[in-house]
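Student: I would like to learn how to read the features of a structural model with some care. Could we go through one together, feature by feature?

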Amino acid sequence: FHGGSGSDISDIRKAIDYGVIKMNIDTDTQWSYWEGIKNFEAKYRDYLQGQIGNPEGPDKPNKKYYDPRECLRAAEKNTVERLGRCFSDLKCQGILGLGEKKDATNVFGPALGGLPI
């Protein structure tokens, strides 16, 4: 199955039932990464117009909004969510005997001052 972009989930599931063991998801992951950045910009547009001044006041700084790590974090989070849907659609969750997914404990994440995504 070369790629599933635009394919109905029922067609993907039929292909898997017929024996397809590989499907490319690159287009979906590219779009999900871009969509994360696009949604971040839409959400924080009023904070991304200059270094100083936003809806909270004309002298309020915007550094935490235009920090490129913030929109990239949003892109990565969106891609992780999309990959989860891909894995579910392709029936490839929980098949390697790894047990239930546990939250990572070795990452910092937004708790250290990042913006809510």
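This is a predicted model: local features need pLDDT of at least 70, side-chain atom pairs count only at pLDDT 80 or more; totals for chains, interfaces and linings use all residues.

Student: What is the phi of lysine 91?

Tutor: The general idea is that most residues other than glycine have a negative phi. In this model the phi of lysine 91 is near 55 degrees, which is a positive value in a residue other than glycine.

Student: Which residues does glutamine 93 contact, leaving aside its neighbours within four places in sequence?

Tutor: Glutamine 93, which also lies in the segment after H4, is in contact with Gly84, Phe87 and Ser88 once those neighbours are set aside. Glutamine 93 has a relative accessible area of 48% and is therefore classed as partly exposed.

Student: How many helices and strands does the protein chain have, taken as a whole?

Tutor: The protein chain has four helices and two strands, and from the N terminus on these elements follow the order α-α-β-β-α-α. Of its 117 residues, 25% are buried.

Student: How should I read the packing of two helices, and at what angle do H2 and H4 pack?

Tutor: Two packed helices are described by the angle between their axes and the distance between the axes. Here helix H2, residues 26-43, packs against helix H4, residues 68-89, at an angle of about 140 degrees, and the axes are 7 Å apart. The two helices are therefore oblique to each other, since an angle has to be over 145 degrees to count as roughly antiparallel. The crossing of H2 with H4 is right-handed.

Student: Which residues of H2 meet H4?

Tutor: From H2 the contact takes in Asp28, Thr29, Ser32, Tyr33, Glu35, Gly36, Ile37 and Phe40, and these meet a set of residues in H4 that includes Cys71, Leu72, Ala75, Thr79, Arg82 and Cys86. Sorted by class, the contact of H2 with H4 has nine nonpolar, five polar and five charged residues.

Student: How are aromatic pairs read, and how many are counted here?

Tutor: A pair of aromatic rings is described by the distance of the centres and the angle of the planes. The count in this model comes to four aromatic pairs. One of them joins tyrosine 44 and tyrosine 47, with 6.3 Å from centre to centre and 75 degrees between the planes, an edge-to-face arrangement. Ring pairs also link Phe40, Tyr44, Tyr47 and Tyr65 into a cluster.

Student: Why does tyrosine 47 count as buried?

Tutor: Tyrosine 47 counts as buried because its relative accessibility is 14%, and the class takes in values under 20%. Tyrosine 44 is buried too, with a relative accessible area of 7%.

Definitions and conventions. Residues are numbered from 1 along each chain as its sequence is written. Side-chain values use heavy atoms; hydrogens and water are left out. Rings of Phe, Tyr and Trp (its six-membered ring) pair if their centres lie within 6.5 Å; planes under 30 degrees apart count as stacked, over 60 as edge-to-face and the rest as tilted. Buried means under 20% relative accessible area, exposed over 50%, partly exposed in between (1.4 Å probe, protein chains only). Axes are lines fitted to C-alpha atoms, for helices over the stretch in contact, and angles run from 0 to 180 degrees between N-to-C directions. Angles under 35 degrees count as roughly parallel, over 145 as roughly antiparallel, 65 to 115 as roughly perpendicular and the rest as oblique. A crossing is left-handed if the near helix is turned anticlockwise from the far one by less than a right angle, and right-handed if clockwise. Contact means heavy atoms within 4.5 Å. Ala, Val, Leu, Ile, Met, Phe, Trp, Tyr, Cys and Pro count as nonpolar, Asp, Glu, Lys and Arg as charged, and the others, Gly among them, as polar.
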